[in-house]
Amino acid sequence: MADFDLVVRGGTVATGVGATRADVGITGGAVRAVREGLGPGREEIPADGKLVLPGGVDAHTHIAQRSSMGILTADDFESGTISAVCGGTTTVISFAAQHRGQSPREVVEAYHGEAGPKAVGDYGFHLILSDPTPEALRVEVPALVEEGVSSFKVYMTYEALRVNDRQLLEVLRSARGMGALTMVHAENHGMIGWMSSELLSGGHAAPKFHAVAHGKLAESEATARAIGLAELVDAPLYVVHVSSKEAVEAIAAARARGLKVFAETCPQYLLLTADDLDRPGMEGAAICCSPPPRDRESQQAIWAALRGGALDVLSSDHAPYTMDERGKLAAGPTPPFPRIGNGVPGIELRMPLVFSEGVGRGRLSLERFVTVCCEAPARLFGLWPRKGTIAPGSDADLAVWDPDREVTVRWADLHDRAGYTPYEGRRLRGWPETVVRRGEVVVRDRQPIAAPGSGRFLARGSSEAAAPLGRPSWSVRLARRFGARDFLR
Ligand code: DUC
Ligand code: ZN
Ligand code: ZN
């Protein structure tokens with residue numbers, strides 16, 4: 001008689017707090033026991049000499065999303081989540097993107113319809129708010145938060161999506177009242193627009209000038225401004241895709257002052273630089289993403305912040321656009337840089353890249369790697385302890401990694417539909433070979449085997465970041481002292 005449905009036997013189980021040799025006993029889709037010497041399972045996965053890591057949680061993916069330029073990302077929830085699980089990521093939180101005039105409820109319903117029959121990994125949604133009307137924030141949005149869409153993303157740039165400072169304040173204040181977390185794409189719209197016009201009028205339209213127009217100052221100014229807005233209304237803030245040393249410094253300074261500011265970075269800011277956009281012809285368009293990769297100094301600052309805790313999460317910002325008229329080049333075969341589709345693919349390589357370049361090169365401990373890839377996103381986005389760890393009671397989401405397996409990256413071996421990877425030809429060491437999602441083997445010997453539609457929607461709770469309220473800002477305290485006692489209660 002078997003004691004468990006499945007036992008992963010003899011591996012080194014790593015979580016955010018440490019690594020130890022243990023078996024993992026799984027029954028009914030959940031972890032039941034983690035220790036040495038467990039009884040038999042109906043099925044067994046031998047893991048001697050292997051690492052057993054929690055299934056990754058990718059908190060920033062654009063799957064089946066139409067961009068502000070009207071281009072659709074190349075992955076649907078089938079290819080996107082197959083690609084994710086093949087890279088050791090069993091949970092994705094993707095965006096349900098409101099375009100102006102759309103009802104948030106209808107947008108989320110449409111994404112349910114997209115994802116439900118197709119997803120292989122488990123999934124949740126963040127709601128992109130491009131049109132945060134008072135009515136939407138009062139009625140539809142709180143109902144969606146109740147239903148598990150407990151985070152919003154707002155853009156400070158992109159003409160068709162951006163909110164102004166006043167709207168951002170309204171979103172932050174509303175989110176705080178609902179226990180939701182606001183994510184911000186922080187770039188200064190005016191700086192980017194002005195730089196773009198100046199460059200174009202000088203005839204500088206090649207993809208590499210994207211990195212000039214979306215400069216570091218545009219990011220750090222908007223980051224500091226978003227932090228100030230969040231401070232005014234005492235709301236937690238999550239800064240997405242941090243790319244520069246200066247933005248890290250703004251975040252670290254806010255945290256040192258006790259503000260509830262959280263932040264993520266992505267592999268492209270650890271491993272690429274602006275020089276990667278400087279390729280012949282339209283090739284550099286493949287690396288056009290916003291913010292763009294920077295320079296060695298920023299790369300080092302981002303590694304240090306990820307290691308030291310000023311950056312909490314590693315996400316992919318998977319935004320796969322094909323290099324043709326359906327994707328990056330929708331505006332023509334040689335568009336000027338402002339008309340190139342923005343984004344890079346990366347859902348499958350997020351963990352293998354940073355395992356190899358981070359853990360493998362001594363820049364991140366194994367525990368920190370698990371924290372930033374699995375535990376912290378689960379905590380910040382209301383999935384903890386169901387996701388992000390290997391512990392009794394948690395969903396049995398894990399990946400058996402061969403830490404010594406050498407892989408040369410080829411897009412042809414990946415499972416997304418972008419048609420390219422920025423990391424073609426890189427040699428990596430360490431790869432997830434077997435992946436388990438809620439107790440079911442979804443990847444065996446690097447091959448996906450789960451059925452489309454077997455992934456589940458995750459109704460997420462409140463973020464840990466939303467829990468204790470901090471200190472009201474000086475302005476709010478003054479307003480109350482002057483008699484406006486109910487101000488921002
Ligand atoms: N920038 C975004 O804001 N989203 C998708 C990808 C990108 O480059
Ligand atoms: Zn963004
Ligand atoms: Zn994004």
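**View 1. Ligand 1 in the largest cavity.** In this predicted model, ligand 1 sits in the largest cavity, where a cavity is a set of points on a 1 Å grid over the protein atoms alone at which a 1.4 Å probe fits but cannot get out, and a molecule sits in it if more than half of its atoms lie within 2 Å of its grid points. The model is predicted, local features need pLDDT of at least 70, side-chain atom pairs count only at pLDDT 80 or more, and totals for chains, interfaces and linings use all residues. Residues are numbered from 1 along each chain as its sequence is written, chains are lettered from A and ligands numbered from 1 in the order in which they are written, and side-chain values use heavy atoms, with hydrogens and water left out.

View 2. Polar contacts are pairs of N or O atoms within 3.5 Å: a polar side-chain atom of Tyr 158 lies 3.3 Å from a nitrogen atom of ligand 1, a polar backbone atom of Ser 290 is 2.8 Å from an oxygen atom of the ligand, and a backbone N or O atom of Gly 343 lies 3.4 Å from an oxygen atom of ligand 1. The protein covers 96% of the 230 Å² of accessible area that ligand 1 has on its own, by the Shrake-Rupley method with a 1.4 Å probe.

**View 3. The zinc ion (ligand 2).** Lys 153 (NZ), His 185 (ND1) and His 241 (NE2) coordinate the zinc ion (ligand 2) at 2.1 to 2.4 Å, donors being N, O and S atoms within 2.8 Å of the metal (3.2 Å for Na, K and Ca). In sequence, these donor residues are spaced K-x31-H-x55-H.

**View 4. The zinc ion (ligand 3).** His 60 (NE2), His 62 (NE2) and Asp 317 (OD) coordinate the zinc ion (ligand 3) at 2.0 to 2.1 Å, with the spacing H-x1-H-x254-D along the chain. The zinc ion (ligand 3) and the zinc ion (ligand 2) are 3.6 Å apart.

Note on methods
A polar contact is a pair of N or O atoms within 3.5 Å; within protein, one must be able to donate a hydrogen and the other to accept it, and residues adjacent in sequence count only if both atoms are side-chain atoms. On a 1 Å grid over the protein atoms alone, a cavity is a set of points where a 1.4 Å probe fits but cannot get out, and a pocket is an open set with protein on both sides within 12 Å along at least five of seven lines; lining residues have an atom within 4 Å of a point.
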